[in-house]
Amino acid sequence: MSRITSWHADPSVPHFSPPPGAVDAHCHVFGPMADFPFSAKAKYLPEDAGPEMLFALRDRLGFSRNVIVQASCHGTDNAATLNAIAKSDGKARGVAVVDPAISDAELEALHAGGIRGVRFNFLKRLVDDAPKDKFLEVARRIQPLGWHVVVYFEADILAELRPFLDAIPTLLVIDHMGRPDVAQGAHGSDMQAFRALLDSRDDIWTKVTCPDRLDAKGPPWDDFAAAVAPLVADYPDRVLWGTDWPHPNMQDAIPDDGALVDMIPRIAPTSELQHKLLVANPMRLYWPETWSG
């Protein structure tokens, strides 16, 4: 398997200036492989994209903090994510991927290392096995830590997943809105099904992210803006935003991170919405001990 590069070598400086304290609430690190080998089960083998690169991008884009989500290429070994958090000077927290057999002591060690959630991935192109019963047991075990669950799936299996999602006992965050077909628009069947999920519980949040993945027409991602802006307006206290850097598996359509940031005022047009999306919501979820509101 050859190593791939999926990130922009020289992203533009965005025209939009994020508010002070803004959080990139969905990003990853890859390796470096010499220190943190990739999983033998990895479906892709990326070039190194370590914490120094991530934090340089954070500063270039005008953000203050990161939430680092364990990438599937590292499997359930969260060492690379923990390393990045440790190097962040308190400016990063993380979401782990764990083996269902993980011990309570290992969970507590992840918490001490800055992990605040666990991710369950249902994308068959990325994972071979997604045992719902074992995932639910993990969700119950992380409750005492105050963690939340992050779930990644595609829109065509939302109905199938509803009993599983309904049974999760913690706050729930859906990655990339469950990957709806944004070409259907704000009132399309995918977005309406997703809204029904949000309406079923007031503790389901989502990441309004990845126009580069969801808008087949490409930049400037007009379909994404039109479909997602109403969602942000209607659920302003339950939305998060992130770059998705270093954009796993996007080597054939590498997005400009500056352009991704410039999408923010198109989906959150007021300063109030921008502050909730980028500061208040991620801070109360990932740094509640320091967030006074």
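L260 is buried, with a relative accessible area of 2%, where buried means under 20%, exposed over 50% and partly exposed in between, for a 1.4 Å probe and protein chains only. The model is predicted, so that local features need pLDDT of at least 70 and side-chain atom pairs count only at pLDDT 80 or more, whereas totals for chains, interfaces and linings use all residues. Residues are numbered from 1 along each chain as its sequence is written, and side-chain values use heavy atoms, with hydrogens and water left out.

L260 is placed in helix 9 (residues 257–261); helices (H or I, at least four residues) and strands (E, at least two) are DSSP runs numbered from the N terminus. Leaving aside residues up to four places away in sequence, L260 touches P211, D212, W221, W241, T243, H247 and P255, contact being heavy atoms within 4.5 Å.

W241, one of these partners, is itself buried at a relative accessible area of 3%. F63 also counts as buried, at 6% relative accessibility. Rings of Phe, Tyr and Trp (its six-membered ring) pair if their centres lie within 6.5 Å, and planes under 30 degrees apart count as stacked, over 60 as edge-to-face and the rest as tilted. By this rule the count comes to 9 aromatic pairs. The rings of F63 and W241 form a stacked pair, because their centres are 5.6 Å apart and their planes lie at 10°. F63 lies in the loop between helix 1 (51–61) and strand 2 (65–69) and W241 in the loop between strand 8 (239–240) and helix 9, so the pair ties together parts 178 residues apart in sequence. Ring pairs also link W7, F30, Y44 and W245 into a cluster.

The axes of helix 6 (residues 189–200) and helix 8 (residues 222–234) come within 12 Å and cross at roughly 15°. Axes are lines fitted to C-alpha atoms, for helices over the stretch in contact, with angles from 0 to 180 degrees between N-to-C directions. Helix 6 and helix 8 are therefore roughly parallel; angles under 35 degrees count as roughly parallel, over 145 as roughly antiparallel, 65 to 115 as roughly perpendicular and the rest as oblique. In this contact, M191, F194, R195 and L198 of helix 6 meet A227, V228, P230, L231 and D234 of helix 8.

The axes of helix 5 (residues 158–167) and helix 6 come within 12 Å and cross at roughly 10°, which makes helix 5 roughly parallel to helix 6.
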